Amino acid sequence: MARRFPLAGLLRLRHAEQDRAAAALAAANERVRDAADARIAARRSLADAEGSQPIQDAATLSAVAAARAATRGMLEELDAVVRSRRADAEQAQDDYNGARRSALGLEKLEVQHTEQQTAEELRTEQNALDEIAARSRAEGGAR
C-alpha cells in the first residue's frame with residue numbers, strides 16, 4: 001500500500017491560498033473595469049454637454065463653465081481611482097502568482113512522491129515474483 005504524500009495538508013492549504021488569491025484578483029479586476037466604465041461615462045457626459053446647450057446670457061455661461069469644471073475635476077478623481085485600482089490589481093496578480101508558485105512546487109513534490117511510491121511497489125512486486133520463480137525452480141529442480 002502506497003504511503004500518503006506527507007505534505008498533502010500543506011498542499012491543500014496552498015491550493016486554498018491560491019483560490020483565495022484568484023478570487024481577490026478577480027474582484028480587483030472587476031473594480032478596475034467599474035472605474036474605467038465610470039471614467040468613460042463621465043467623459044461622454046462632458047463631451048455631450050459641450051455642444052448641446054445654447055448659451056444666451058452670462059449666467060448660463062457661468063453655469064456651463066462650473067459644470068464643465070466639476071466634470072473635469074470628477075474625471076481627474078476617476079483617473080486617480082483607476083490608477084489606484086490598477087495598482088491594487090497588479091498587487092493581487094503578484095499575490096496570485098506567488099500562491100500559484102507555492103502550490104506548483106508542492107504539486108511537483110507530490111508527483112515525485114507518487115512516482116517513487118509506484119517504483120517502490122513495482123520493485124517489491126518484482127522481488128516477490130522473482131522469489132516465487134526461484135522457489136518454483138528450486139522445488140522443480142529437486143524432483
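**Reading the salt bridges**

Q: How many salt bridges are there in this predicted model?
A: By the rule applied, the count comes to six salt bridges. The general idea is that side chains of opposite charge can pair when their charged atoms come close.

Q: Which residue forms a salt bridge with Glu30, and how far apart are the closest N and O atoms?
A: Glu30 pairs with Arg33, with the closest N and O atoms 2.8 Å apart. These two residues are three apart in helix H1 (residues 8–52), so about one helical turn separates Glu30 from Arg33.

Q: Where do Arg135 and Glu131 lie?
A: Both are in helix H2, four residues apart, about one turn of the helix. Arg135 has 44% relative accessibility and counts as partly exposed; Glu131, at 47%, is partly exposed.

Q: What does the salt bridge between Asp79 and Arg39 tie together?
A: In this pair the closest N and O atoms are 2.2 Å apart.

Q: Why does Asp79 count as buried?
A: Buried means under 20% relative accessible area, and Asp79 counts as buried because its value is 18%. Arg39, at 28%, counts as partly exposed.

Q: Which residues does Asp79 touch?
A: Leaving out residues up to four places away in sequence, Asp79 touches Arg39 and Arg43. Arg39, Arg43 and Asp79 are linked in a salt-bridge network.

Methods. Residues are numbered from 1 along each chain as its sequence is written. This is a predicted model: local features need pLDDT of at least 70, side-chain atom pairs count only at pLDDT 80 or more; totals for chains, interfaces and linings use all residues. Side-chain values use heavy atoms; hydrogens and water are left out. Contact means heavy atoms within 4.5 Å. A salt bridge is a side-chain nitrogen of Lys or Arg within 4 Å of a carboxyl oxygen of Asp or Glu. Buried means under 20% relative accessible area, exposed over 50%, partly exposed in between (1.4 Å probe, protein chains only).
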